[in-house]
Amino acid sequence: MSDDSVMDDTVVNGEVIPPHPEAHDLAVADEVMPDTLHIMPIATRPYFPGQVQPVVVNMQQWQGTLQKVAESGHRLLGLSFVQGVDPDQAKPRDFPGMGCVVRLHRLPTGGDAQGQFLVQGVKRFRLVRWLSEKAPFLAQVEYPRSQGQRDSDEIKAYAMALIKEIKELLPLNPLYSEELKQYLSHFNPNEPSLLADFSAALTTANGEQLQEVLETLPLLSRMEKVLNLLRKEREVAELQSKISGQVNQQVSAQQREFFLREQLKAIQKELGISKDDKTADAEGFEARLKSLVLPEAVQKRIDEEMQKLSYLETGSPEYGVTRNYLDWTTSVPWGKYSEDILDLAHARGKLDEHHDGLDDVKERIVEFLAVGTFRGEISGSILNLVGPPGVGKTSIGRAVADALGREFYRFSLGGMRDEAEIKGHRRTYIGAMPGKLVQALKEVKVSNPVIMLDEIDKIGASYQGDPASALLEVLDPEQNGEFLDHYLDLRVDLSKVLFICTANQLDTIPSPLLDRMETIRLAGYIAEEKLKIARNHLWPRSLQRAGVEDEQLKINDAALKFVIDSYCREAGVRGLEKQLGRIIRKSIVKLLEGGKDKLRVGRKDIEELLGKPPFAADKPFRGLGIATGLAWTSLGGATLAIESSQVHTLNRGFKLTGSLGEVMRESAEIAYSYVMAHLKDYGCNPDYFDTSMVHLHVPEGATPKDGPSAGVTMATALLSLARKERIKRPLAMTGELTLTGQVLAVGGIREKVIAARRSQIMELILPVTNKADFEELPNYLREGINVHFAKTYRDVFHFVFEEHLDDNALH
């Protein structure tokens with residue numbers, strides 16, 4: 001052997017490591033190896049001959065084993081890889097048949113639970129039999145030799161392939177280079193067995209694959225397996241390097257862009273072309289203020305905040321808070337007003353453009369606008385539009401805004417429970433914002449818009465506050481000129497805003513709030529009005545939404561009337577619009593499937609498109625003991641049939657059914673008492689009720705009913721039963737009855753008249769005190785209706801049974 005092949009000792013982790021015995025070409029066959037070894041399990045991966053690495057173990061478990069090895073002269077220890085088992089709990093059956101003999105170079109020092117010691121792999125060993133099956137493990141071993149001629153051409157070729165793969169790995173990971181230097185300092189690179197073991201130890205293969213390499217004694221097979229592991233390692237390293245390169249390239253591009261932008265900012269700043277963020281913000285706020293007329297208090301507050309902004313660093317949290325405050329404050333249109341169009345003809349045109357029908361409501365709104373025109377301005381006004389769903393309350397508000405030429409903003413109060421939604425959050429809270437009213441002014445950019453407060457009857461209350469109470473300041477013309485928003489902490493003038501509220505009913509609106517509003521009632525539409533609305537508004541709009549041309553799909557008036565009468569009897573037109581949408585969708589299917597260009601929808605096609613009508617033609621209840629009343633509901637007016645029947649004649653009794661409320665039950669009791677007291681006067685058997693069990697029922701028992709207006713109807717039904725005489729013609733009535741027979745006024749006359757027309761009942765009995773309400777109705781509602789006005793019940797009796805009573809007959 002030449003002198004160059006002899007290798008010096010090497011220092012690793014402070015230890016002097018001698019050259020491996022197999023590294024000398026002329027070394028003796030083997031140094032003397034003991035027949036018995038102490039065995040220690042390791043869990044991470046197998047140890048290979050030639051490796052010089054530290055091993056970490058649990059000192060409490062393996063202190064005795066390491067002590068015995070250190071005391072032996074050879075200081076040799078067997079390391080075996082145990083897979084899927086805690087090394088401290090390993091049993092002899094868990095050890096594989098082959099492991100690696102290592103030389104212990106340094107024992108752990110100190111009292112740590114985990115100890116680390118440096119070992120050098122020597123050669124393979126094979127377990128022969130166990131001499132001690134408990135720790136410290138002791139076993140008889142043998143030392144198998146590698147099989148194969150190391151000087152054969154095939155072995156050399158594999159060795160060259162391994163070296164080539166290692167060279168390709170070196171540029172991909174610097175750690176490989178360090179391990180290769182360590183290997184070359186200890187071993188002869190021309191030794192194929194050690195080269196194969198080193199190459200295997202170099203990879204990140206799993207423990208099972210490496211154990212398979214360790215147990216492979218034929219050198220050719222071992223080198224083949226290691227070559228496959230190296231190739232996989234190279235592929236993974238190349239992929240990792242590619243990913244790292246992409247990430248570094250992206251980061252470099254971002255850094256380059258950042259530096260270029262910073263340089264551009266610096267250059268622009270030097271040239272006076274641009275400013276920093278703080279200066280840009282300040283100049284933006286000042287530019288907004290140039291077109292505003294600021295009150296003195298607002299100007300003072302903004303100046304203070306601008307000065308504070310100039311002191312703060314852009315990265316501080318306080319800077320963001322101050323900037324947001326200035327952004328909102330300068331966005332409020334202080335002193336900016338749009339010019340009103342005070343032209344009644346224009347207003348009428350806009351109202352007619354948006355709505356068919358509702359002539360009385362339009363007249364009320366025109367009167368309201370006329371007062372503003374006379375004064376020269378419309379301010380300090382709060383309208384409240386009350387009516388059933390779908391009658392056009394929201395669209396009337398939009399029409400008023402168009403008529404005046406004002407901006408329009410709408411938000412819903414339904415379900416609102418936090419007063420901060422109205423008055424804003426205080427700036428001390430994270431994410432604080434102004435209230436909805438300030439947000440509305442910012443969006444519309446003028447201080448005199450039309451603001452619609454939708455669903456004001458559905459406003460809520462909670463532990464967070466009562467929004468209805470917060471609205472008291474907003475809707476009071478005497479107070480809203482200095483409305484205080486908690487976020488801005490400044491007085492905002494809302495006196496020029498026209499507020500329009502909408503509600504389905506007045507019962508749930510607090511009386512102090514209701515007192516501040518001018519109420520305009522919108523009753524439901526009659527069939528003729530619905531037909532005009534469908535023809536002029538709903539049908540064209542539904543066609544437009546579906547993308548259908550007017551010439552492609554047409555519907556005649558007979559079909560529309562049938563839809564209105566048989567499918568849509570609600571007070572509004574929302575249900576009618578849904579049904580028209582269904583007709584259009586089903587018609588489009590026919591157009592596409594039938595290959596037609598046009599389609600006409602007639603009366604006979606409606607049932608095919610919409611199914612069986614939910615409403616049949618109204619046939620008022622007729623018969624002995626039956627009378628028809630008129631009722632008001634939140635959905636509009638309705639006819640109400642009241643039935644009475646004699647159940648038996650065994651004893652006296654009176655039974656009520658039909659989901660009646662407390663007030664309606666009291667009305668029934670009053671009617672029963674009044675009729676029973678005056679049976680003789682009205683031509684009945686005076687003893688009729690003494691021996692009769694009478695049952696009075698109001699149909700549609702699932703629907704709750706309440707109110708006093710059915711008193712005269714109940715009395716009429718009971719008299720019909722007692723006289724054994726049915727009401728011979730379609731007739732409906734309403735009115736509160738007292739014990740002395742007086743007929744008192746009731747509400748909802750318009751809705752009740754519409755309900756009667758819808759049911760084709762053209763003869764009505766109303767209280768005489770409601771005569772003015774009836775006469776205020778539009779002509780198209782009163783036309784063709786025969787109304788009798790009753791002061792007392794004997795007037796009702798006369799109109800119903802067409803009998804005259806002696807003035808002295810009743811007492």
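Modeller: Glu165, Arg231, Arg234 and Glu238 are joined in a network of salt bridges. This is a predicted model, in which local features need pLDDT of at least 70 and side-chain atom pairs count only at pLDDT 80 or more, whereas totals for chains, interfaces and linings use all residues. Residues are numbered from 1 along each chain as its sequence is written, and side-chain values use heavy atoms, with hydrogens and water left out.

Biologist: What makes the contact of Lys423 with Glu473 a salt bridge?

Modeller: The term requires a side-chain nitrogen of Lys or Arg within 4 Å of a carboxyl oxygen of Asp or Glu. The closest N and O atoms of Lys423 and Glu473 are 2.9 Å apart, so the pair qualifies. Lys423 belongs to helix α13 (residues 420-423) and Glu473 to helix α15 (residues 467-474), so the pair links parts of the chain 50 residues apart; helices here are DSSP runs (H or I, at least four residues), numbered from the N terminus. In the whole structure, 31 salt bridges are found.

Biologist: Why is Lys423 called buried?

Modeller: Buried means under 20% relative accessible area, exposed over 50%, and partly exposed in between (1.4 Å probe, protein chains only). Lys423 has a value of 14%, and is therefore buried. Glu473 is also at 14%, and so is buried.

Biologist: Are Lys604 and Asp605 each buried or exposed?

Modeller: Lys604 has a relative accessible area of 68% and is therefore exposed, whereas Asp605 has 16% and is therefore buried. Their closest N and O atoms are 3.6 Å apart, in a salt bridge.

Biologist: How do you know that Glu725 counts as buried?

Modeller: Its relative accessibility is 19%, so Glu725 counts as buried. Arg723, at 16%, counts as buried for the corresponding reason. The side chains of Glu725 and Arg723 form a salt bridge, with 2.7 Å from N to O.

Biologist: Why are α22 and α26 called oblique to each other?

Modeller: The axes of helix α22 (residues 711-723) and helix α26 (residues 793-801) come within 11 Å and cross at roughly 55°. Axes are lines fitted to C-alpha atoms, for helices over the stretch in contact, and angles run from 0 to 180 degrees between N-to-C directions. Angles under 35 degrees count as roughly parallel, over 145 as roughly antiparallel, 65 to 115 as roughly perpendicular and the rest as oblique. The angle of roughly 55° falls in the rest, and α22 and α26 are therefore oblique.

Technical notes
Helix = DSSP H or I, 4+ residues; strand = E, 2+ residues; numbered from the N terminus.
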